[in-house]
Amino acid sequence: MSNLHPDRYFGCKEGAVALARELYRKMSAFPIISPHGHVNPALLAENKPFPNPVALLITPDHYITRMLASVGVTYEQLDIPTKGERSQKAIAPEEIWQLLAENWIAFAGTPSRIWFEEILSEIFSITLPFNKTTAAQIYAEISHTIASDGFLPQQLFERFRIEVLATTDGTSDSLEHHRALQSTSLKARVIPTFRPDDVSDPERSDWQSSLRNLEASSAIAIDSFVTFRAALRRARDRFIEAGAKATDHGTPSALTIELTENEKEALFVELRNGNVTQANAQAFRAVMLMEHAQMSADDGLVMQLHPGSSRNHSRAIFDKYGPDRGFDIPTRTEFTSALKPLLNRFGFAEKFRLALFTLDEATYSRELAPIAGAYPSVKLGPPWWFHDSLNGMRRWRDATLESAGYLNTLGFIDDTRAFLSIPARHDVARRFDAGYLADLVHSHRVSEEDASVIADQIAYHLSKEFFRL
Amino acid sequence: MSNLHPDRYFGCKEGAVALARELYRKMSAFPIISPHGHVNPALLAENKPFPNPVALLITPDHYITRMLASVGVTYEQLDIPTKGERSQKAIAPEEIWQLLAENWIAFAGTPSRIWFEEILSEIFSITLPFNKTTAAQIYAEISHTIASDGFLPQQLFERFRIEVLATTDGTSDSLEHHRALQSTSLKARVIPTFRPDDVSDPERSDWQSSLRNLEASSAIAIDSFVTFRAALRRARDRFIEAGAKATDHGTPSALTIELTENEKEALFVELRNGNVTQANAQAFRAVMLMEHAQMSADDGLVMQLHPGSSRNHSRAIFDKYGPDRGFDIPTRTEFTSALKPLLNRFGFAEKFRLALFTLDEATYSRELAPIAGAYPSVKLGPPWWFHDSLNGMRRWRDATLESAGYLNTLGFIDDTRAFLSIPARHDVARRFDAGYLADLVHSHRVSEEDASVIADQIAYHLSKEFFRL
Amino acid sequence: MSNLHPDRYFGCKEGAVALARELYRKMSAFPIISPHGHVNPALLAENKPFPNPVALLITPDHYITRMLASVGVTYEQLDIPTKGERSQKAIAPEEIWQLLAENWIAFAGTPSRIWFEEILSEIFSITLPFNKTTAAQIYAEISHTIASDGFLPQQLFERFRIEVLATTDGTSDSLEHHRALQSTSLKARVIPTFRPDDVSDPERSDWQSSLRNLEASSAIAIDSFVTFRAALRRARDRFIEAGAKATDHGTPSALTIELTENEKEALFVELRNGNVTQANAQAFRAVMLMEHAQMSADDGLVMQLHPGSSRNHSRAIFDKYGPDRGFDIPTRTEFTSALKPLLNRFGFAEKFRLALFTLDEATYSRELAPIAGAYPSVKLGPPWWFHDSLNGMRRWRDATLESAGYLNTLGFIDDTRAFLSIPARHDVARRFDAGYLADLVHSHRVSEEDASVIADQIAYHLSKEFFRL
């Protein structure tokens, strides 16, 4: 049925393929745990048929649009919606689909291409290779499928065997879709994740308005750091009631800092009054990480930290199209000194759990694996964003395995907005890990028994247990 | 005829060798495009017989001399010419040749050794292995060959099937050799590249004199930033007339900066008056990168940027032997923040093209591939200098492929002073890429059809099109 | 006899295994040169029977205890001795041994596990796999063996075929054990290494007391920088008399600096008076590296430098259990600029020798290999600490080979406190290098003859010659 090779992406030595197959078979039997992602909960709650193939697979996927941009296709040609309004140009989606096919060679070797072709083959049962000659026919087939019975989001959700899907939600999000989903017959859980970036970074243009939103959503007047913290605690409680198991923090750096209550109060007042400098904004972000670590140690929400992205690097793209359009670029990141205050306070705290992600691979063996291989509260998230790829996974395992082992890492995290790509992403990761483990056995570095236990851990248990799912 | 293995340097899995052979066969059928190198144009214009094997293959190759230095051979023993004068010691070249052979084991596994042995085998048809026993006989054979008919530089140039060779030339270079070559019967093109480092860095001891040279060569009195810029534009035009397609910028960092015209004027006056500090020199270099980007956006010369070398690290070597003697050491380099001003202004500019090189491999996956995989004006140059090696190419492809793909990279660039090594360097790179592509096909990550298209792109089209050759 | 696979850890291609075997056979015939380690010389001098398996293999091995900590086993449970006193809890060692077995899966893929299982198999002839079911029986077998004849430290020392073992010893160490060992019948040498960190870093709490100890041990009153230096020279002489061949420097950074004698004097007085700031402490450490380089250029002790560890990252662990408990975390490190003053002064000095180690792998190809591939005084130490692992060795060779070759590196260095792991560590490294070399031959990058010469160099000669052993 599938036109893809059954042993694809194992990447292991010839002599290890048989074992890789066996490990993969075991891993793929587990349902998917997706503890960190960006699927819009409205998609599932509203459960409406998908629109056309372009709106489904191209427009919202900034991995695809940025690569097209890089080879000279403009966002106008792709009919990317501009900030605040839907595009008016009404380019026929068939035209955009064809444009992707014409430029498909640019994606050779990239994970976007792998996921896309996995979706065509495994979800839409397309057997033709995708290229400029076949694009129109494939478009028609997909259009037909998404209009058919059995292809509504909730049906796919069950078919994908997703046991838990965590979304990412703003500080003051109403969580209405999560509540709505709880009263459906859907067996799988869709849970929110608390992401307080908007109220944690005074350099954001929406910081003051986000604080006002938090006042409203928490029903606490924020007139001091103490009341700010109280409002945050109430917001976290609100998320916990809706099923949340974790928080999510995207910061320019991993800096954490110890300040006295008086210093925090003075800093907050100064910033609230509009006196924002690079220095006091940085200090505030560092304080907020400490605060959320304290709250996590109290309420048990797992803290996820992924610093080091220079957001909206292209001002032109941001001004016209808004954030998350493929123009965030990684930066050098430091963890050892930056996290020292936080780990000194909470590194051994009983309920505290910290998942670390990075875009700076130089930190894998130098900082992250040694930290995770010592502090009981810390686990390493899998390769993030640009590094969620076959080579990226190999570099990550290669650099972290020997200092952190397998048990100080988490299972695969898809981190995706693209609902349809979830099974493909987990499948590719499972295939990689099966092949990598098989190679370790083949080279006499791990026993076959242990590889079998580890395969189950990676595929299911590590994330389920760490995120208390 | 060759004593080298026909499948050398593919480095791929056993099962991929047949395809690697086929891809390599296709790639090697293309002529060489060499858009960035350091061959002295006088060599070709004057077309004189080569001197002895040492002067041809050892003395000018700082990759070889620095490795000999590292194992205790002094530059005196190698008769390296001291600054400003030819060495007087008149060591017999046979002795130096023998010294290399005695220390040949130090080169095991290095690209220098590969290139050297490729030259012996493929250009001089030497079938003996090079070692201390055979060195004298090989010396004699090479001496005989370089004195023979058919071994003049221009003849080799045709025999090497070089379609275009770009040299690197100073701001005020007369370009006489390039003009002379245009009036020969040579079919291949030898074109200059504009490298304005001498007038862009106030910390160079020759900055003021270089400005005076630019005044003379451009016939524009430089008494302000405006006139300096005018002189630069005239210099660029002069290069364009002589066939130039690109500029080349070697800077300590990639820093770029937006200043107003008044600020630039004040900065220039201050520096011109001799008030040079680390801070204002850095600002000036950052300004000059922005200026040249603007000029490239206007005149279409491709901008090549390779920051991050600490030049002349050993003062003793520099004082006695001058620059480019193997004692330049790479430094940590940053691109994401440094290039933000430049990319915000020119990242989408129609005629602007930027080729990025680095000596800091940590930036491959973290910064360079994400930048090249988003901005249409940017392509990644292949592994540079110390990283132009089989392992270096593998690390580069491994780290850049998945975020930048193949089409956001350039074909191989030899970057060499060593004329005879040009075919060897391109051949090694083509072999590597054939093997790497074959492995991607073998592991079901790239289709055989796409690999074939990409092979042609790497071997020929990518560089030819990007450099408008 | 061994239950381990004879071809383990070669990691090479199938077609290269036969050659790897042959190279490994040659390498393993050489005795062990261990020029840098942390075995307590009292262990050998006193030559008492080993205590129980836990005190032998778990408690002192911070690689093992930190990994257990990372998965939630507390140091209380492991009965780690607290600072200044032996633990009072008297947990039965059998219980701790079982605890390791229960958590053994956490070590899958780590070098600790490889070394541990090598020790069980090759030293204790255990044929059972280590797991929670077999742990008690294995404990009993080891207990029996260590109580048996022929298992005293000196006997093992001979059996391990260690030709030279260098320990690491504080500035004012009495060296009594080294002297005692010289008068035994032991054929192998145990030599001290001079490590003056305690008197080189004014930020250490024991700096002033260490200076007083140096006054006492050198019988020179330290009332100025000049007398401090004289005391250091006398201390070095004392070590040289006891057989020392090297010094060892662990610093936060590699920074070196040129100061005048007057500046040094002023700096020393200021610090001695207790005016310690981050800035003047850093300057002093940078000065001391220069001073020791000067002394090395004079007395010929090889200088070993390994910067970049953030010591005692967890204050809680340090306060309760003291240093070296597995909570040192690597930091970003810079060499090119930092070492420039030192290399400009001593890079070509006749007797000066510098071995560089790092925890920041990003510096391998970027800084260290280019430096070692140019300066005759510098060689690269093998992968250090967290990077002493199969993947770490592969990354190190991969990143340094092409710029530094093999001859600018040193043979394997075990750097261990764990006496019993010395043969295992050298054996794993030899196996890795045999496989890596075999792959280079197999891919036509190194000739078989050269691989054979290099194998001998790595296994024995490189370290023996560099350390003048």
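Predicted model: local features only at pLDDT ≥ 70, side-chain atom pairs only at ≥ 80, totals over all residues.
Figure 1. Helix α5 spans residues 93-102, and its buried residues are Ile96(B), Trp97(B) and Leu100(B). Viewed down the axis of α5(B), these buried residues fall within an arc of 100°, so they line one face of the helix.

**Figure 2. Helix α12 of chain B and what its buried residues pack against.** Helix α12(B) runs through residues 225-241, 17 residues in total. From its first C-alpha to its last it reaches 24 Å, close to the 24 Å expected at 1.5 Å a residue. Its buried residues are Phe225(B), Phe228(B), Arg229(B), Ala231(B), Leu232(B), Ala235(B), Arg236(B) and Phe239(B). They cover an arc of only 160° around the axis, which puts them on the same side of α12(B). The partners of these buried residues in chain B are β5 (194-195), α11 (207-218), α13 (261-272) and α14 (278-299). Just after the helix, Gly243(B) takes a positive phi of about 105°.

**Figure 3. Leu437 in the largest nonpolar core.** This core has 420 residues, and those with the most contacts inside it are Leu437(A), Leu437(B) and Leu437(C). The view shows the copy in chain B. Apart from neighbours within four places in sequence, Leu437(B) is in contact with Leu23(B), Val446(B), Ala451(B), Ile454(B) and Ala455(B). In soluble globular proteins, nonpolar side chains tend to be buried together.

**Figure 4. Ala404(A) in helix α18 of chain A.** The helix covers residues 390-404. Ala404(A) counts as buried because it has 29 C-beta neighbours inside 10 Å, and the cut-off for a buried residue is 20 or more. Not counting residues up to four places away in sequence, Ala404(A) touches Ala369(A), Ala372(A), Gly373(A), Leu380(A) and Thr409(A). Ala404(A) and Pro370(A) are 34 residues apart in sequence, yet their C-alpha atoms are 6.5 Å apart in space.

**Figure 5. The side of chain B that touches chain A.** Here 36 residues of chain B are in contact with 39 residues of chain A. At least two residues each are supplied by α16 (340-346), α17 (362-372), α18 (390-404) and α20 (448-466) of chain B. With 7 residues, α17(B) gives the most to this side. By type, the residues on this side of chain B divide into 16 nonpolar, 12 polar and 8 charged.

**Figure 6. The side of chain C that touches chain A.** In this view, 39 residues of chain C are in contact with 36 residues of chain A. The elements of chain C that give two or more residues to this side are α4 (62-70), α15 (315-321), β9 (329-330) and α18 (390-404). The largest share, 4 residues, comes from α4(C). The residues on this side of chain C divide into 18 nonpolar, 15 polar and 6 charged. Only 3% of the interface residues of chain C are also interface residues in chain A, so the copies meet through different surfaces.

**Figure 7. The axis relating chain C to chain A.** In chain C, the C-alpha nearest the axis belongs to Ala362(C), 3.6 Å from it.

Methods: Residues numbered from 1 in each chain as written. Chains lettered and ligands numbered in written order. Least-squares fit on C-alpha atoms with pLDDT ≥ 70 in both. Contact = placed C-beta atoms within 7 Å. Nonpolar A, V, L, I, M, F, W, Y, C, P; charged D, E, K, R; others polar. Core = buried A, V, L, I, M, F, W, Y, C linked by C-beta atoms within 7 Å. Buried ≥ 20, exposed ≤ 12 C-beta atoms within 10 Å, placed from the backbone. Expected span 1.5 Å × (residues − 1). Arc of directions from axis to C-beta.
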